[in-house]
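Hi everyone, thanks for making time for this. I'd like to walk you through a structure I've been looking at, so let's get it up on the screen.

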Amino acid sequence: MKASPSRSCMRVSRVEIRMAAMSNRQKDDVDDSDNDASRGTPQTSMYSTSASGGYESSSSNLEEFGVERTIHEVPELKGHNHVSSSSSCLPCRKEIFRQQVAANSLGSDRRLAILETLEHLGVKVYVIKGENCADTGEVLKQVKRIVNLISMATRVLPMSGSLEYERALLYQDHNERLFNLLISHHAVGPSETWKNYLDSFSGLEAMIALLVLIRSFPCATSEEGIVDTFKPAILSLILGLVLTEEMSLSWLNASMLVRASPSVAAHTLTCPVAPDLMRKLVIFVLALASVASGNAQLILTLMGIGGACLVLLANMGSRAWHFLRWKPQRYSWFGAGFLAYGKAVVFGMVFPYLGHRDIMVGGKAAIEYVIRTSFLAALAFVLSDVDEVQRFLVIGSDRCSQTTVNFCVSVWFFVTLITCLCMVRQIPFVDQKPSAAERFLEPDHSSPAGYRVPSLPDYEIDPSLARTGLPCLSLRNEFMTGIFIAFALSGSMVYLSLTTWDESLAVTINRTISEFT
């Protein structure tokens, strides 16, 4: 889907980003009002793109708002989003927005009314002008820039405050109509799966699986004959089918919960790593180990088990980071995804019991949950020391010495339990009382901003349409290159079928692997 071509999108006016200063965040609970009052008025930095590619500071008051302004700052509208108890019947935010849209005809007046109303309602608005972008590729470039702006704004919020704020990404066509800019559903990523797994994740099952899998590591240095006693196929079935929620989407969890990506669509656009890559690698390595023999089976099995432990720790650590409301990772350049994943693993090792949703309630209930979970995990670890149990869970580890593992896990268990109790004690009790706070925007992971504006139509873009191929080759040259590759590959396959060169190569590879193992 292409936008109306005009001048290059790389010029100063290629993107109109209308950013309103955030009003006081609506409290999800009445008991959080004191914290918000002590935090004070948040300040938002505004930037405009200069011709040299840099950023220039720009701000203006609400009275100075004009259509030609590229970026501006609106002063905070205190108390606008809260319903006063003394008021008789104030309209809700959705009603206000619908009334403003219906009261204006099509054109610049309607567009201006929509933007001003959104700003008055405390929404930070980003607008991409389609008339300034030649094709879908130019639109995607600006979407990625806006995603970085949203992520940076999220990462500077205080630790004690909310990690989200209301923002919207809109697309303006050549008729000055505004649309919610969304990514096509097939290119969004596993948004629904991620939300379902986030709710169905069991911290207790993850802890038990982690403690049982650790018992296999002494086999790496054992001097007893344990070759060909492992059965990694059973492990691959348990990790892939039984522990699906606990093993899935660890990379996406680190991106969404540690790096604070605005949405699953934003992660898909900005991160080249598949969201479920780690689980697939673990299952693949264990599947290879199931058909291997000798030392190769032992090495592959231990590699698969080690990868499974990393995935479990990353998922528990990412959730603990999110539930404790820690400030997201601010570094967003090269290697940011690997850094976030490493932080999640370390956080999971230090706070393994805080990745459970039940700790969000705080108070005595959260402490009781940590104690109960730790008791059940310790009981499962003690039972897994019985040889008969090990033969069913991690076949082969019963022939390895467990003395070192028992000592190390006991020390780690004591330290982490004390640490988690100290941290969960600081979480205030949350009383689920009815609140006057009203959610105006609709959460939507197909939007790079994470939200969509109700009452506005949707405009979907397909990232696959932005691929243009190599700029140095023409269509004719690429076609001829494909024909040449087809002849070359077919000729090579015919040559291998008529000679024994491939068989000698396979013998050499097998001999090298045997010498290595």
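Let's start with a single side chain: glutamate 192 counts as partly exposed, at 48% relative accessibility. Please keep in mind that this is a predicted model. The side chain of glutamate 192 meets that of lysine 195 in a salt bridge, with 3.3 Å from N to O. Lysine 195 is partly exposed too, at 32% relative accessible area. As a reminder, an α-helix has 3.6 residues a turn, so residues three or four places apart point the same way.

Arginine 215 forms a salt bridge with aspartate 385, and their closest N and O atoms are 3.4 Å apart. Arginine 215 is in the loop between α7 and α8, while aspartate 385 is in the loop between α15 and α16, 170 residues apart. In total, the count comes to seven salt bridges. One of them has arginine 177 and aspartate 173 as partners, at 2.7 Å from N to O. Here arginine 177 is partly exposed, with a relative accessible area of 40%, and aspartate 173 is buried, at 8%.

Let's step back to the whole protein. It has 19 helices and nine strands, and 45% of its 517 residues count as buried. Among contacts with a separation of 6 or more, 79% come from residues 24 or more positions apart.

What about the inside? In soluble globular proteins, nonpolar side chains tend to be buried together. The largest nonpolar core here has 54 residues, and Leu213, Leu239, Met247, Tyr341, Leu354, Ile359 and Val370 are those with the most contacts inside it. Elements giving two or more residues to this core include α7, α8, α10 and α17. Which helix gives the most to this core? That is α13, with 11 residues. A second, separate core has 24 residues, among them Tyr126, Leu140, Val147 and Ala449.

Leaving out residues up to four places away in sequence, valine 370 touches Tyr353, Leu354, Ile359, Leu417, Cys420, Leu421 and Val424. As for α7, eight of its 11 residues are buried, including Leu210, Leu211 and Leu213.

Next, a polar residue on the inside. Serine 248 is in the loop between α9 and α10, and it is buried, with a relative accessible area of 3%. A polar atom of its side chain lies 2.5 Å from the backbone oxygen of threonine 244. Beyond its neighbours within four places in sequence, serine 248 is in contact with Tyr197, Asn253, Asp276, Arg279 and Asn315.

Finally, the surface. Phe407, Val411, Phe414, Val415 and Ile418 form a nonpolar patch there, with about 510 Å² of accessible area together. Of these, phenylalanine 414 is in helix α17, residues 403-424, and counts as exposed at 57% relative accessibility.

How values were computed
Residues are numbered from 1 along each chain as its sequence is written. This is a predicted model: local features need pLDDT of at least 70, side-chain atom pairs count only at pLDDT 80 or more; totals for chains, interfaces and linings use all residues. Side-chain values use heavy atoms; hydrogens and water are left out. Helices (H or I, at least four residues) and strands (E, at least two) are DSSP runs, numbered from the N terminus. Buried means under 20% relative accessible area, exposed over 50%, partly exposed in between (1.4 Å probe, protein chains only). A polar contact is a pair of N or O atoms within 3.5 Å; within protein, one must be able to donate a hydrogen and the other to accept it, and residues adjacent in sequence count only if both atoms are side-chain atoms. Contact means heavy atoms within 4.5 Å. Patches are made of residues with over 30% relative accessible area and no salt bridge: like charges are joined within 9 Å, nonpolar side chains (Val, Leu, Ile, Met, Phe, Trp, Tyr) within 5 Å. Accessible areas come from the Shrake-Rupley method with a 1.4 Å probe; for residues, only the protein chains shown count as cover. A salt bridge is a side-chain nitrogen of Lys or Arg within 4 Å of a carboxyl oxygen of Asp or Glu. A nonpolar core is a set of buried Ala, Val, Leu, Ile, Met, Phe, Trp, Tyr and Cys residues joined through side-chain atoms within 4.5 Å.
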